[in-house]
Amino acid sequence: MGFKILKIICLFCLAVSSVFAGAWTKGKGVLFIVPYFYFYQAGGYYDTNWKFNPLQNNGYFDGLGFGTYFEYGFSNRLNLIGNFSFVRNRWIDDYSYKSNSDFGDFEVGLKLKIFESRFVLSFQTLAVVPAYSMEREPLIGYGEYAGEVRILFAGGLRPFSIDSYFNFELGYRRFYSKVAPQVRFQILYGVNLSGRWQGIFQIDGVNSIGQGTFSTRFNPSIETDYNEGKLSVSLAHRFTYKAWFQSGVFYDIYGRKIGAGRGFLIALWIDI
């Protein structure tokens, strides 16, 4: 299987925060859309000493979301990117039950390919716009505007004559006021399992710089200052030349001041 087919896989990378990225850009006039669904649940959290603890009062949290990521080629080097979603969060403990549904953060930005040969280097900007009420709990998100810049580096590999690829990203996200700035990273490795199957392994991390100034309740998956790492493993199947189906699982492997949980995702990638 050629490397040019492999690189479509790297365009879809999901963390629960619904951040999508990939170093390769789509061609001029090409629209790439990814409808997706995820489910996440947590019964514990990582404390300030990075140790796991159960949530108080037999607490349990889960969240699910439907959304669409898109990418459109203004040119072969410059793409418009965006993401929008609808989210339902729920909290249950010995004394309370809370459920909240609303639109999530709207994200829109630009991705510029700086260099491409065997490897690809790109630069990305992103604006985050909250589209939900902060009056209901569990909170959907931070309720703050934010901006992000990100460097993306990717390329193809052939260890033991096996077609594979990698994608590495490093970004800085700045919020308007109450949430600590974040350094975000992603390390992804994908491998061709057969002509129509791909295996994808990735680690996504968030590291806050400084401290936030307000406390969140009933949603352990968001904190205003925290550290977190998620491991994701998924399979992708190509069922037409321009469409793939992905399903996978993810797990919080380390953290500080953040929920400890797991979940799954499904997505459809379509080139138009």
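**Aromatic pairs and the nonpolar core**

In this predicted model, F106 has a relative accessibility of 35% and therefore counts as partly exposed. F103 falls in the partly exposed class as well, at 42% relative accessibility. The rings of F106 and F103 pair with each other in an edge-to-face arrangement. Their centres lie 6.2 Å apart, and the angle between the ring planes is 70°.

An edge-to-face pair is also formed by Y142 and F175, with 5.2 Å from centre to centre and 75° between the planes. Y142 is located in the loop that runs between β7 (119-130) and β8 (146-157), whereas F175 belongs to strand β9 (residues 164-175). The two positions are 33 residues apart in sequence, so the pair ties together separate parts of the chain. Y142 has a relative accessibility of 10%, and because this is under 20%, the residue counts as buried. F175 is likewise buried, its relative accessible area being 7%. In total, the model contains 16 aromatic pairs. An aromatic cluster is made up of F37, F39, F66 and F264.

Y142 is also a member of the largest nonpolar core, which comprises 42 residues. Within this core, the members that touch the most others are V34, Y142, I200 and W269. The strand that gives the most to the core is β1 (residues 31-46), from which seven residues are drawn.

The charged end of K26 is placed over the ring of F32, at 4.9 Å from the ring centre. In a second case, K98 lies over the face of F218, and the distance to the centre of that ring is 5.0 Å.

The side chain of E71 is in polar contact with the side chain of Y69, at a distance of 2.7 Å.

Taken by accessibility, the residues described here fall into two classes.

Terms used
Residues numbered from 1 in each chain as written. Predicted model: local features only at pLDDT ≥ 70, side-chain atom pairs only at ≥ 80, totals over all residues. Heavy atoms only, no water. Core = buried A, V, L, I, M, F, W, Y, C linked by side-chain atoms within 4.5 Å. Buried < 20%, exposed > 50% of the residue type's maximum accessible area, 1.4 Å probe, protein only. Helix = DSSP H or I, 4+ residues; strand = E, 2+ residues; numbered from the N terminus. Phe/Tyr/Trp six-rings, centres within 6.5 Å; stacked < 30°, edge-to-face > 60°. Lys NZ or Arg CZ within 6 Å of the ring centre and 35° of its normal. Polar contact = N/O pair within 3.5 Å; in protein donor to acceptor, adjacent residues only side chain to side chain.
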